Amino acid sequence: MGSRVCFLTIAVVALTVAVAVTAEAQSVAGCAVFPANNIWNAPVDKLPVDANSDHYVATIGATRPAHPDFGSGLWNGGPIGIPFIDVPGTQPKVAVTFDYDSGSDHGGYPVPPDAPIEGGAASGGDRHVLVVDRDHCVLYELFAAYPQSDGSWHAGSGAIFDLKSNALRPATWTSADAAGLPILPGLLRYDDVAAGEIQHALRFTAPQTRNTYIWPARHEASDLTAVNFPPMGQRFRLKAGLDISGYSPPVQVILRGLKKYGMILADNGSSWYIGGAPDDRWDNDALHQITQLRGSDFEAVDESSLRVQPDSAAVRSTAAPAVSAVVNAGSFAPGAIAPGEILTIFGSGFNADAKVTFGDTAGMVIYASPGQINPGQINVVAPYEIDGKASTSMTVDIDGVLTAPQTLSVAAAAPGIFIVLNQDYTANSAARPAVAGSVLILYATGEGQTKPAGVDGKVATGAVASLPKPLLPVSATVGGKTAGVMYAGAAPGYIAGLMQINLRLPGIASGSSPLVLNIGGFTTTVSVAIR
């Protein structure tokens with residue numbers, strides 16, 4: 001008996017389409033500032049408070065005021081805030097040399113000679129330079145940037161971000177910010193407030209941080225080890241219960257944004273300094289109201305549940321999960337399910353950590369679509385414990401949020417075929433028909449209880465004679481003629497629930513013929529090509 005099998009994913013992994021999980025992403029110069037499901041664009045007002053929140057707030061300064069590090073006009077001869085500029089895709093790229101060369105991106109930066117510099121051309125501060133290529137939606141950021149007489153620039157560090165991508169920088173790499181994050185998405189811009197709603201997190205600084213970083217940050221900048229110091233990348237938000245009715249309408253917009261989207265610790269600096277872009281339309285007197293906030297008005301947020309992959313800024317869907325269909329993973333036919341059957345669950349709000357239970361018994365999840373996938377898909381093996389029951393209640397658990405229970409009828413068998421292989425192990429098709437009298441190899445599921453009894457998740461190993469076989473009789477016809485069943489049982493090397501059937505084809509005419517697999521009176525049909 002042959003034991004080679006096709007990869008199960010060929011048959012059971014459906015095509016999927018990514019979807020956004022938040023409102024429309026922020027936009028600069030016609031470019032979305034990262035996808036809508038990026039962590040910068042994710043609300044955090046419903047997430048739990050971090051266990052170390054009180055310690056972090058106390059360390060940064062519970063009585064220290066918040067400060068808008070942006071405004072209109074000049075301060076010490078430079079703009080107030082971190083400026084940025086957009087350029088066309090034809091803007092020539094210039095060479096940039098770096099102090100932190102190994103952690104910086106190379107390849108040229110489209111920085112015009114008169115690009116605005118944080119603090120002004122004579123500044124001795126951070127001297128950030130931010131440039132958006134508006135035609136290709138690429139962000140270029142420099143720290144400690146100084147133009148050189150030959151047209152090149154020298155900087156402390158530099159980072160390039162594709163605004164269309166959720167990719168993070170390599171782990172442990174800095175950027176133009178200490179946390180290894182982009183600066184632009186965390187800047188408060190006047191247009192945000194003028195639109196009446198801020199739909200992204202802001203950037204802020206703290207005087208002392210821990211010598212570690214958490215997602216989505218990529219870099220730390222401290223020697224301090226005590227856990228009361230916040231790590232780079234720590235998210236904070238304004239407490240929901242804070243009364244903001246006494247603030248001016250523009251400041252209320254800012255404070256609502258801080259409640260919903262919060263702010264990310266991105267650099268070492270003064271306590272609670274909130275980043276923004278300079279703009280002559282800012283009312284500095286109104287912005288000064290932000291200094292009425294105290295550190296105790298903020299709380300740290302645990303956003304770890306949003307993470308999909310450690311190297312991606314994409315977040316999980318926050319929508320409640322829902323099941324739309326439960327089908328046989330081989331045939332995609334709905335109906336009663338059988339013990340040990342591999343099922344496909346379609347729905348929404350699923351992620352890679354999905355759990356599925358049937359009554360009180362967990363099913364073995366063999367595939368769950370990553371976050372931000374629609375329609376969502378889960379492949380799970382129905383536990384053998386449902387054998388003998390008339391029905392079972394199935395529930396999907398996504399990060400502790402349960403779908404509505406699905407009542408599924410239980411049958412002794414519910415066969416479905418994944419794939420039919422020819423004797424040479426090529427997939428049977430019109431282009432590769434089987435020869436009459438040759439052997440077909442079927443991979444199927446839904447055979448029901450076996451002997452020895454099926455064990456959830458057990459891999460079929462050992463001698464062929466000892467492998468689990470269906471309790472119910474197995475037969476097949478091709479073109480209405482009986483096909484000889486040479487083997488029907490567990491697929492060697494695979495988990496319980498995947499069945500292999502080897503059939504001897506009868507002598508029939510060439511062409512397409514129906515193959516009917518019958519397990520104890522329960523049938524499924526596919527077409528096979530014969531020559």
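## Helix α2 and its cover

The buried residues of helix α2 are covered by elements that include β14, β15 (235–238) and β18 (298–301), where contact means heavy atoms within 4.5 Å. The model is predicted: local features need pLDDT of at least 70, side-chain atom pairs count only at pLDDT 80 or more, and totals for chains, interfaces and linings use all residues. Residues are numbered from 1 along each chain as its sequence is written, and side-chain values use heavy atoms, with hydrogens and water left out. Helices (H or I, at least four residues) and strands (E, at least two) are DSSP runs, numbered from the N terminus.

In α2 (residues 53–60), S53, Y56, V57, T59 and I60 are buried. Because these residues cover an arc of only 165 degrees around the axis, they lie on the same side of α2; the arc is that of the directions from the helix axis to the C-beta atoms. D54 and A58, on the other side of α2, are exposed. Buried denotes under 20% relative accessible area, exposed over 50%, and partly exposed in between (1.4 Å probe, protein chains only).

## Disulfide link

The model has one disulfide, defined as a pair of cysteine sulfur atoms within 2.5 Å. C31 is joined to C137, with an S to S distance of 2.2 Å. The pair links distant parts of the chain, 106 residues apart: C31 is in strand β3 (residues 31–32), and C137 is in the loop between β9 (129–133) and β10 (138–143). The link of C31 and C137 is left-handed, with -85 degrees about the S-S bond. Both C31 and C137 are buried.

## A buried arginine

R218 is located in the loop between β14 and β15. R218 counts as buried because its relative accessibility is 5%. Leaving aside residues up to four places away in sequence, R218 touches L168, R169, P170, A171, T172, W173, A179, G180, Y213, P310 and D311.

## Pockets

On a 1 Å grid over the protein atoms alone, a pocket is an open set of points with protein on both sides within 12 Å along at least five of seven lines, a cavity is a set of points where a 1.4 Å probe fits but cannot get out, and lining residues have an atom within 4 Å of a point. Grid points are joined across faces, edges and corners, and a volume is the space filled by probe spheres set on the points. The largest pocket has a volume of about 770 Å³. Of its 33 lining residues, H67, D69, I80, G81 and Y273 lie nearest its centre. At least two lining residues come from each of β4 (67–69), β6 (78–79), β14 (202–206), β16 (263–268), β17 (273–275) and α5 (284–287). The lining of the largest pocket has nine nonpolar, 17 polar and seven charged residues. Ala, Val, Leu, Ile, Met, Phe, Trp, Tyr, Cys and Pro count as nonpolar, Asp, Glu, Lys and Arg as charged, and the others, Gly among them, as polar.

The second largest pocket has a volume of about 360 Å³. Its lining comprises 20 residues, with S27, V28, R189, D191 and D192 nearest its centre. The largest share of this lining, three residues, comes from α3. By class, the lining of the second largest pocket has nine nonpolar, four polar and seven charged residues.

## Cavities

Two cavities of 30 Å³ or more are present. The largest cavity has a volume of about 60 Å³. Its lining residues include F34, N38, W40, F161 and A313. The lining of the largest cavity divides into eight nonpolar, three polar and no charged residues.
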